[in-house]
Amino acid sequence: MCGICGVISADPRPVEPAVRAMMRAMVHRGPDDEGFELLPMGSGDAASPVVGLGFRRLSILDLSAAGHQPMFNQHTGDCLIFNGEIYNFRQLRTELQLAGVVFRSTSDTEVLLQALCTWGEAAVEKLQGMFAFAFYHASSQRILLARDPLGIKPLYVAALPDRFLFASEVRAILASGLVPDDLDPAGIAAFLAYGSPQDPLTVHKHIRSMPPGTLCWVDGADVSAGKVPSERLFWRLPPAEPDGVSPEEAAARVRAVLEAVLAEHLVADVPVGIFLSAGIDSTSIAALARRLRAQVRTFTVGFESQLGSDEVAAAEALAKEAGTEHTSIVMESQTVLDLWERWLASADRPSVDGFNTFVVSACVRGQGKIVALSGLGADEIFGGYPHFNTIVSYQRYVRLSKMVPAGLARWGLNLAMRNRTPHFRQRALELFAGSSDASRVALQVRRILGDAQIESLGLPATLPGLAAEYLPTGGVPAGSPTGLPRFGRRADPSRFDVISRQEIALYMNNTLLRDTDVTSMANSQEVRVPMLDRRLVELVGSLPASVKRPRRGQLKPLLRDACRDVLPDWLLQRPKSGFTLPIDRWMHRELRGSCEAALEQLRRCTCIDNAAARAIWEDFASSPDNVHWVRPMTLVALGNYLGRVAAASQPA
C-alpha cells in the first residue's frame with residue numbers, strides 16, 4: 001500500500017520539483033521509503049517530453065530494499081510504480097517462472113512488473129487484487145495507467161495543455177503547482193446531492209477520477225499536442241444467471257470462494273488485524289480467518305456510554321465464540337473530538353462520511369497493526385441495507401400517486417406529512433413526483449440535499465457536466481432499468497440486481513471505498529476488503545436474485561446461509577446496528593465554532609449562494625430535533641476542505 005504520482009511534460013524543467021512536491025504531500029501513505037525516476041517519452045532530444053515517476057512506500061510484502069519502487073526490469077528497461085495488493089501474486093509468480101522469468105524479490109510488485117513485461121496489457125485481466133499503477137513501457141516510451149475493477153484504490157488524473165499528471169490523491173496533484181485549483185460547479189453540486197463527489201468528477205475543474213475497471217495508455221506526443229488519453233473498460237460485472245441455482249448450492253459456492261479469498265488476504269509480512277463489529281460481515285471474516293490461522297487478532301472501538309451507541313460488549317462475546325485474540329479500545333469524549341479535527345485535516349476531498357473509519361483505523365494502527373481486514377462491501381453485494389426491503393413499498397406509493405390528479409396527490413402528501421420537517425416534505429414530494437423505477441427510487445433514498453435545496457444554493461441540475469439526478473454526464477441514467485453502463489446487462493434485471501449494482505457503483509465506490517482509503521492511509525494503514533475480492537463479487541453478481549433477495553424481510557440471506565455454521569444463533573437474529581457517534585450533538589455544542597468557521601470559508605466558492613448556505617445552517621442550529629446533521633455537514637465539509645486547500649496554496 002503506497003502513494004504513486006507522476007508528471008508527463010514537454011518541458012522537463014518543472015517535472016522533478018513537481019513530482020517531489022507531490023511525494024511530500026503523500027508521506028502519510030508511505031512513511032517507509034520513497035523513490036523518483038525521470039524517464040524519456042520521445043526521441044530523447046531537448047524538445048521531447050519526459051515523465052517523472054514518484055513513489056511513497058508503506059512496506060507490506062518483502063520489507064527489504066528489493067521491494068523499492070520505482071521498480072525496473074533490468075533486461076527491458078520497463079518500470080513500475082504500484083499502489084495496492086495483488087492477492088493472487090503467488091499463482092502468477094509460478095506461471096511466470098514456468099515461462100522462464102527469474103525473480104529477485106518476494107514482493108507482489110515484482111510479480112506485477114514481470115506480468116506486464118511478459119503479457120502486456122492482457123496482464124491486467126489476470127489480476128485479483130486492489131490496485132492503481134503506472135507502467136512505463138520502455139520500447140514504446142508510453143505509460144499504462146490502470147485502476148482495479150471495484151475502485152478500491154483511487155487514481156486521479158489532470159490533463160492540461162502540454163502536461164499530464166496522475167496521483168493517488170487530489171492533494172498531491174494540487175501540490176505539484178502545475179494544476180490550478182479552480183472549482184467545478186458540477187462536482188460541487190454532485191457532492192451536495194450525495195455527500196461525496198461522483199466519479200469521474202471532483203470538486204476541481206482540472207482534476208478527474210479515473211473510473212474503476214479502466215486502463216489507458218498515455219503517449220508523450222499526445223500530451224505535447226494537448227490530446228486527452230482515452231480510457232478503456234477492461235472489466236464488467238457478469239449478468240445474473242437465470243433461476244435454477246438452489247440456496248444451498250449458492251451458499252456452498254460463496255463459502256468456498258470466501259475461504260479461498262481470505263487465505264490470500266491474510267498474507268503479509270507485517271502484523272494483520274481485523275476490524276470486528278457486532279455484525280454478520282466482520283464476524284464471518286473473523287470466524288473463517290480463525291479456521292485458517294492459529295492466531296487471529298480482532299479489534300473493536302467503543303466510547304463512553306453517554307456519547308452514543310457502540311458494539312463493544314457484543315463484539316467481545318463474538319470474539320470469544322470465534323476464538324480470536326481480542327482487544328477493545330474505549331475512548332473518552334475528548335479523544336474522539338480530537339480525532340474529529342484530525343479527520344477534517346486529513347480530508348483529500350470533501351465528504352460527510354468516513355469519520356468512523358478514521359477513528360477505528362487510528363486506534364488499531366496505534367495497536368501496531370499495519371494491515372487490517374474490513375467487512376466493507378457485503379451490504380452492497382449481498383443486500384444489507386434496509387431499502388433492499390423498503391423500496392418495494394416506495395415504488396407502490398409512487399405508482400399510487402400517479403393514479404390521482406397531481407394537485408390532489410400533493411395535497412394528500414402534505415397532509416400526511418404535516419408533522420414532518422419542511423425539508424422532509426420537500427424530499428418526499430420530489431420522490432413521488434418522478435418515476436417508480438427501482439433505480440430512480442434507490443437514488444432518491446441516497447440523496448442528501450434535494451433538487452430544490454441545491455438549486456437554492458445556486459447550482460441548477462442543468463449545469464454542464466451533469467445529467468439527471470445531479471449525476472455526472474455518462475453516469476447512471478436516471479430511471480435506467482438495467483443499472484449501470486459499466487456493468488453487464490441483461491434483458492430483465494431483478495429489482496435486487498438494479499439496487500445492488502447501483503449501490504456498488506455509486507455509494508460504495510464514491511463514498512465508502514474512497515473514504516476508507518483516505519482515512520486509513522492518513523494513519524499509514526492498509527485496509528483490505530475481502531468481501532470485494534473480484535472473484536467473490538463476480539460469483540455473487542452472477543447468482544440469480546432468488547437466492548440473494550431478502551427472505552421474510554431478513555437481509556443478506558445468502559451470506560447468512562454461507563456462514564451459518566460459524567455464526568451464533570443470537571447474532572443471526574440480532575437487528576442491524578453500527579458504530580454511531582453523536583455528531584449532531586457535537587455540531588450543536590462542542591463543534592459549533594469549528595462548523596461556523598468552515599461555513600465562512602464557503603465564501604471562497606463563488607458558485608454557491610452564501611446566504612442560502614447560511615440559512616441551511618441556521619435551520620439546523622435553531623431546530624435540533626428537526627434537521628438531520630448530515631445536510632448542514634455537507635456545507636461544513638466543503639467549507640473546511642476549501643479553507644485547507646487555500647491554506648496549502650499559500651507560500652511557505
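This is a predicted model: local features need pLDDT of at least 70, side-chain atom pairs count only at pLDDT 80 or more; totals for chains, interfaces and linings use all residues.
Colleague: Why is Asn 523 called buried?

Modeller: Its relative accessible area is 9%. Buried means under 20%. So Asn 523 counts as buried.

Colleague: Where is Asn 523, and what does Asn 523 touch?

Modeller: Asn 523 sits in the loop between α18 (495-522) and β17 (526-528). Leaving out residues up to four places away in sequence, Asn 523 touches Arg 342, Phe 358, Ser 361, Ala 362 and Arg 365.

Colleague: What makes the pairing of Asn 523 with Arg 342 a polar contact?

Modeller: The distance between the side chains is 3.1 Å. The cut-off is within 3.5 Å for a pair of N or O atoms, one able to donate a hydrogen and the other to accept it. The side chains of Asn 523 and Arg 342 therefore make a polar contact.

Colleague: Now Ser 105. Is Ser 105 buried or exposed, and how do you know?

Modeller: Ser 105 has a relative accessible area of 5%. The limit for buried is under 20%, so Ser 105 is buried. Ser 105 is found in the loop between α2 (89-98) and α3 (108-119).

Colleague: Which residues are in contact with Ser 105?

Modeller: Setting aside neighbours within four places in sequence, they are Asp 62, Ala 66, Arg 93 and Glu 110. With Glu 110 there is a side-chain polar contact of 2.6 Å. Asp 62 is 43 residues apart from Ser 105 along the chain, yet their C-alpha atoms are separated by 7.0 Å.

Colleague: What makes Asp 517 and Lys 153 a salt bridge?

Modeller: Their closest N and O atoms are 2.5 Å apart. A salt bridge needs a side-chain nitrogen of Lys or Arg within 4 Å of a carboxyl oxygen of Asp or Glu. So Asp 517 and Lys 153 qualify. This pair links distant parts of the chain, 364 residues apart. Asp 517 is in helix α18, while Lys 153 is in the loop between β7 (142-147) and β8 (156-160). Both residues are buried.

Colleague: How many salt bridges does the structure hold?

Modeller: It holds 40. Another one joins the side chains of Glu 600 and Arg 603, at 3.1 Å from N to O.

Colleague: Why is Glu 600 called partly exposed, and why is Arg 603 called exposed?

Modeller: Exposed means over 50%, and partly exposed lies between that and the buried limit of 20%. Glu 600 has 39% relative accessibility, so Glu 600 is partly exposed. Arg 603 has 54%, so Arg 603 is exposed.

Colleague: What about Arg 614 and Glu 618?

Modeller: Their side chains meet in a salt bridge of 3.6 Å, N to O. Both lie in helix α24 (residues 610-622), four residues apart, about one turn of the helix. An α-helix has 3.6 residues a turn, so residues three or four places apart point the same way. Arg 614 is partly exposed at 25%. Glu 618 is partly exposed too, at 36%.

Colleague: How do you know that the length of helix α8 agrees with what a helix should span?

Modeller: Helix α8 (residues 280-292) has 13 residues. At 1.5 Å a residue, these should span 18 Å. The end C-alpha atoms are 18 Å apart, so the two values agree.

Colleague: Why is α8 called largely enclosed?

Modeller: Because 10 of its 13 residues are buried. Among them are Ile 280, Asp 281, Ile 285 and Leu 288.

Colleague: What makes strand β6 mostly covered?

Modeller: Eight of its nine residues are buried. Strand β6 covers residues 129-137.

Colleague: How do you know that β6 pairs with β5 and β7?

Modeller: Two strands pair if there are at least two bridges between them. Strands β5 (residues 79-86) and β6 have eight, so they pair, in the antiparallel sense. Strands β6 and β7 have six, so they pair too, also antiparallel. As for partners, Glu 85 is bridged to Met 130 in β6, and Phe 133 stands opposite Ala 146 in β7.

Colleague: What makes β2 and β10 edge strands?

Modeller: They belong to an open sheet of six strands, in the order β2-β3-β1-β9-β8-β10, with antiparallel pairing. Strands β2 (33-40) and β10 (208-209) each pair on one side only. Inside that order, five bridges join β1 (residues 2-9) to β9 (residues 163-167).

Methods: Residues are numbered from 1 along each chain as its sequence is written. Side-chain values use heavy atoms; hydrogens and water are left out. Helices (H or I, at least four residues) and strands (E, at least two) are DSSP runs, numbered from the N terminus. Buried means under 20% relative accessible area, exposed over 50%, partly exposed in between (1.4 Å probe, protein chains only). Contact means heavy atoms within 4.5 Å. The expected span of a helix is 1.5 Å times one less than its number of residues.
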